Amino acid sequence: MICKITDKMLDELRIRVRRYVNEKTYGHILAVEREAASLAALYIPDKIKEARAAALLHDITKNESAEKQLKYIKEFDIIADVDPLSP
């Protein structure tokens with residue numbers, strides 16, 4: 001079951017995400033979060049917090065190698081339809 005996302009959860013997620021990315025990437029992530037919230041307010045107003053959470057997580061492995069990203073895909077049972085190692 002997926003739980004309801006709270007403001008406190010989003011605050012904690014921002015703190016945790018910050019640990020995994022550099023300053024430039026973190027600034028980008030926060031800008032994407034704001035834009036995702038704006039778009040969600042227009043198109044899916046009941047899912048604004050979910051859009052914020054997705055935006056916060058969208059680049060969390062950006063600085064990881066493709067091999068490590070594939071490890072995460074396997075570890076967390078993420079369905080991947082694109083092989084990041086293919087040209």
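1. Helices are DSSP runs of at least four residues, numbered from the N terminus. By that count, Glu33 is found in helix 2, an element that spans residues 23-43. The model discussed here is a predicted one.

2. The overall make-up may be stated first. The protein has four helices and zero strands, and its elements follow the order α-α-α-α from the N terminus. Of its 87 residues, 21% count as buried. The protein exposes about 6,800 Å², of which carbon and sulfur atoms supply 59%.

3. The next points concern pairs of helices. Two packed helices are described by the angle between their axes and the distance between the axes. For helix 2 and helix 3 (residues 48-57), the angle is about 155° and the axes lie 8 Å apart. Angles over 145 degrees count as roughly antiparallel, and helix 2 and helix 3 are therefore roughly antiparallel to each other. Their crossing is right-handed.

4. Which residues make the contact between helix 2 and helix 3? On the side of helix 2, they are Ile29, Leu30, Val32, Glu33, Ala36, Ala37, Ala40 and Ala41. On the side of helix 3, they are Ile48, Ala51, Arg52, Ala55 and Leu56. Sorted by class, this contact has 11 nonpolar residues, two charged residues and no polar ones. The spacing of such residues can be compared with a general rule. An α-helix has 3.6 residues a turn, so residues three or four places apart point the same way.

5. Helix 1 (residues 7-18) also packs against helix 2. The axes of helix 1 and helix 2 come within 10 Å and cross at roughly 155°, which makes helix 1 roughly antiparallel to helix 2. Helix 1 passes helix 2 in a right-handed crossing. Here Arg14, Val17 and Arg18 of helix 1 meet Glu23, Tyr26, Ile29, Leu30 and Glu33 of helix 2. By class, four residues of this contact are nonpolar, four are charged and none is polar.

6. From helix 1, the residues Asp7, Leu10, Leu13, Arg14 and Val17 take part, and they meet Lys49, Arg52, Ala53, Leu56 and Leu57 of helix 3. The class count for this contact is six nonpolar, four charged and no polar residues.

7. Helix 3 deserves a separate remark. Its buried residues are Ala51, Ala53, Ala55 and Leu56. These buried residues pack against helix 1 and helix 2.

8. Is Glu33 buried or exposed? Residues under 20% relative accessible area are termed buried. Glu33 has 3% relative accessibility and therefore counts as buried. Leaving out residues up to four places away in sequence, Glu33 touches Arg14, Arg52, Ala55 and Leu56. Glu33 takes part in the contact of helix 2 with helix 3 and in that of helix 1 with helix 2.

9. At 37% relative accessibility, His58 counts as partly exposed. Which residues does His58 contact, leaving aside its neighbours within four places in sequence? They are His28, Ile29 and Val32. His58 and Ile29 are 29 residues apart in sequence, and their C-alpha atoms are 7.6 Å apart in space.

10. The last point concerns the segment after helix 4, where Ile78 lies. Ile78 has 46% relative accessibility and so counts as partly exposed. Setting aside residues up to four places away in sequence, Ile78 touches Tyr72 and Ile73.

Terms used:
Residues are numbered from 1 along each chain as its sequence is written. This is a predicted model: local features need pLDDT of at least 70, side-chain atom pairs count only at pLDDT 80 or more; totals for chains, interfaces and linings use all residues. Side-chain values use heavy atoms; hydrogens and water are left out. Axes are lines fitted to C-alpha atoms, for helices over the stretch in contact, and angles run from 0 to 180 degrees between N-to-C directions. Helices (H or I, at least four residues) and strands (E, at least two) are DSSP runs, numbered from the N terminus. Angles under 35 degrees count as roughly parallel, over 145 as roughly antiparallel, 65 to 115 as roughly perpendicular and the rest as oblique. A crossing is left-handed if the near helix is turned anticlockwise from the far one by less than a right angle, and right-handed if clockwise. Contact means heavy atoms within 4.5 Å. Ala, Val, Leu, Ile, Met, Phe, Trp, Tyr, Cys and Pro count as nonpolar, Asp, Glu, Lys and Arg as charged, and the others, Gly among them, as polar. Buried means under 20% relative accessible area, exposed over 50%, partly exposed in between (1.4 Å probe, protein chains only). Accessible areas come from the Shrake-Rupley method with a 1.4 Å probe; for residues, only the protein chains shown count as cover.
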